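Hi everyone, thanks for coming. Let me put the structure up, and then we'll walk through it together.

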Amino acid sequence: MNARHAAIAVLAASGVLAVILVHAQALTPGELKFQRNPATSSEIASVFGDPSKPAPFVTRVKYPPGFKAMPHSHPIDLQVTVLEGTLLFAEGETFDESKLKEYPAGSFIFEKANVPHYQMAKVPVTFQASGTGP
């Protein structure tokens, strides 16, 4: 039994259901299909998985200059990595521009489930969000 089969056997014996990809999923930036949200002017693309399913997912989001995401929260923890531009981010139930902190490309933000937060973009921003749905 090789290491991969041993890991599957251990998971199966523990009653944990595991989904193992046999082939890698790989995309280039040009292969991402962004969809525009007409209500907010943001764009989103699925990189991996489906946020509505109980499994890991990765999405990419683009904000145009001047974009404001008013206070909101998510029912799950999210891991956010800023890929381009500078994302302004703060926690709270009221949008207060003076509390926004700048997160340039390469920054990481952990958004805890059900914690209100808000965002803004002065320049075009692209970030990647990942978590486990739904």
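Let's start with strand 1 and strand 2 (residues 43-48), which run antiparallel and are joined by two bridges. Across this pairing, Gln35 sits opposite Ile44 of strand 2. When I say strand, I mean a DSSP run of E with at least two residues, while a helix is a run of H or I with at least four, both numbered from the N terminus. Two strands count as paired if DSSP finds at least two bridges between them.

A word on the source: this is a predicted model, where local features need pLDDT of at least 70 and side-chain atom pairs count only at pLDDT 80 or more, while totals for chains, interfaces and linings use all residues. Residues are numbered from 1 along each chain as its sequence is written, and side-chain values use heavy atoms, leaving out hydrogens and water.

Now, in what order do the six strands of the open sheet come? The order is 1-2-3-10-5-8, with antiparallel pairing.

Next, please find Thr59 in strand 3 (residues 56-63). Is Thr59 buried or exposed? Thr59 is buried, because its relative accessibility is 7%; the cut-offs are under 20% for buried, over 50% for exposed and partly exposed in between, with a 1.4 Å probe and protein chains only. Leaving aside residues up to four places away in sequence, Thr59 touches Ile44, Ala45, Val47, Pro51, Phe127, Gln128 and Ala129, where contact means heavy atoms within 4.5 Å.
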